[in-house]
Amino acid sequence: MVAAVYDLHCHSNASDGVLAPEEVVARAARQGVTHLALTDHDTVAGLEAAHAAARQHAIELIDGVELSVSWQRRTFHVVGLWIDRHAPDLSAGLARMQQARAVRGVAIGERLERAGLRGALAGAQAVAGAAELTRAHYARWMVEHGWVAGYEEAFRRYLRRGRSGYVDGEWVEMSEGVEWIRRAGGVAVLAHPLGYDLTGAWLRRTLEAFVAAGGEGIEVSCGTAPTPRQVEQLGGWCRRFNLAASVGSDFHGPGHGARELGGAPPLPADLPAIWHIEQAQRAPIPAAE
Ligand code: MN
Ligand code: MN
Ligand code: MN
């Protein structure tokens with residue numbers, strides 16, 4: 001038997017990824033991933049195409065989404081896994097989020113234009129194609145047009161909080177976002193917990209609120225926390241809060257970000273993996289054939 005390789009966090013061009021959903025699935029299969037969750041930002045639009053590809057490549061596709069949520073005026077990302085992508089509350093919520101992203105996307109463009117980056121809105125829209133605009137699309141446009149040397153610089157100089165192109169998102173409250181996921185039969189996982197610039201005290205408070213809201217896991221091995229020291233640290237939080245551990249590359253495309261599909265380091269063996277929680281909670285899912 002081939003060992004299972006899980007990657008429970010990645011993006012397609014249904015949000016800010018570069019590859020089409022079917023390309024993401026094909027690439028994951030080539031990288032040896034056996035269980036893949038496609039988790040686009042605030043949309044499930046890529047999942048249908050991904051399922052068709054998953055059947056072709058004999059890879060198990062888990063329906064997922066990455067929600068942007070607000071808590072204490074900060075933005076966090078919550079990954080929903082094993083969701084029913086047609087669940088009514090989730091669908092209505094995602095429609096609302098897409099609308100908020102559309103408004104924010106235009107506002108970012110207007111701010112960048114005022115800061116002197118001519119053609120930002122139209123340029124980013126061309127990069128985004130059918131997807132709702134995100135900061136990543138603006139960053140890619142800036143790189144392509146030589147406004148900045150690289151993706152990171154685009155965020156540092158223009159797109160992060162406090163910079164000329166930053167616009168607050170009107171995201172769902174964390175408790176409500178977790179509720180959407182749970183009502184859709186899914187499991188809520190706090191994404192990249194070390195990616196929010198939190199002190200230990202704030203991370204503890206955040207995890208308390210997340211657990212109170214019904215969150216069941218955190219990413220322990222993820223694209224933004226690749227070092228053994230960080231995996232160790234996140235494992236500690238996992239044990240302390242009795243949470244399940246998840247693993248995801250946060251892949252956005254070849255050459256975008258540090259991690260390849262399936263490339264996040266393995267979870268420490270003593271931690272309860274999120275897929276064990278999932279399997280214990282429901283009837284076995286028939287194998288996709
Ligand atoms: Mn992204
Ligand atoms: Mn994220
Ligand atoms: Mn992500």
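Colleague: In which sense do S6 and strand S7 (residues 217-222) pair, and what makes them a pair?

Modeller: The model is predicted, and what follows is computed from it. S6 and S7 pair in the parallel sense over two bridges.

Colleague: What unit do S6, helix H8 (residues 200-213) and S7 make?

Modeller: They make a β-α-β unit, and its hand is right. The hand is called right because the path from the first strand over the helix to the second runs clockwise when the strands point away from the viewer.

Colleague: With which strand does S6 pair in the antiparallel sense?

Modeller: Strand S4 (residues 74-81) pairs with S6 in that sense, over four bridges. Leu-190 in S6 is the bridge partner of Val-78.

Colleague: Which way do the side chains of strand S6 (residues 187-190) point?

Modeller: Val-187 and Val-189 point one way, Ala-188 and Leu-190 the other way, and all are buried. In a regular strand the side chains alternate between the two faces of the sheet.

Colleague: Which residues are the protein donors of the manganese ion (ligand 2), and how do you know that they qualify?

Modeller: The donors are Glu-66 (OE), His-77 (ND1) and His-192 (NE2), at 2.1 to 2.2 Å from the ion. The cut-off for a donor is 2.8 Å, so these atoms qualify. In sequence their spacing is E-x10-H-x114-H. Glu-66 lies in strand S3 (residues 60-71) and His-192 in the loop between S6 and H8, so this pair ties together parts 126 residues apart in sequence. Both Glu-66 and His-192 are buried.

Colleague: What coordinates the manganese ion (ligand 3)?

Modeller: His-9 (NE2), His-11 (NE2), Glu-66 (OE) and Asp-250 (OD) coordinate that ion, at 2.1 to 2.2 Å. The donor residues are spaced H-x1-H-x54-E-x183-D in sequence. His-11, in the loop between strand S1 (6-7) and helix H1 (21-30), and Asp-250, in the loop between strand S8 (244-248) and helix H10 (274-281), are 239 residues apart and link distant parts of the chain. His-11 and Asp-250 are both buried.

Colleague: How many Å separate the manganese ion (ligand 3) from the manganese ion (ligand 1)?

Modeller: The separation is 4.5 Å. Between the manganese ion (ligand 2) and the manganese ion (ligand 1) it is 5.7 Å.

Colleague: Why is His-35 called buried?

Modeller: Its relative accessible area is 17%, and buried means under 20%, so His-35 counts as buried. His-35 is placed in strand S2 (residues 35-38). Beyond its neighbours within four places in sequence, His-35 is in contact with several residues, including Val-5, Asp-7, Ile-59 and Ile-62.

Colleague: What joins the side chains of His-35 and Thr-34?

Modeller: A polar contact of 2.8 Å joins them. The limit for such a contact is 3.5 Å, so the pair qualifies.

Definitions and conventions: Residues are numbered from 1 along each chain as its sequence is written. Chains are lettered from A and ligands numbered from 1 in the order in which they are written. This is a predicted model: local features need pLDDT of at least 70, side-chain atom pairs count only at pLDDT 80 or more; totals for chains, interfaces and linings use all residues. Side-chain values use heavy atoms; hydrogens and water are left out. Donors are N, O and S atoms within 2.8 Å of the metal (3.2 Å for Na, K and Ca); water is not among the atoms, so sites may look incomplete. Buried means under 20% relative accessible area, exposed over 50%, partly exposed in between (1.4 Å probe, protein chains only). Two strands pair if DSSP finds at least two bridges between them. A polar contact is a pair of N or O atoms within 3.5 Å; within protein, one must be able to donate a hydrogen and the other to accept it, and residues adjacent in sequence count only if both atoms are side-chain atoms. Contact means heavy atoms within 4.5 Å.
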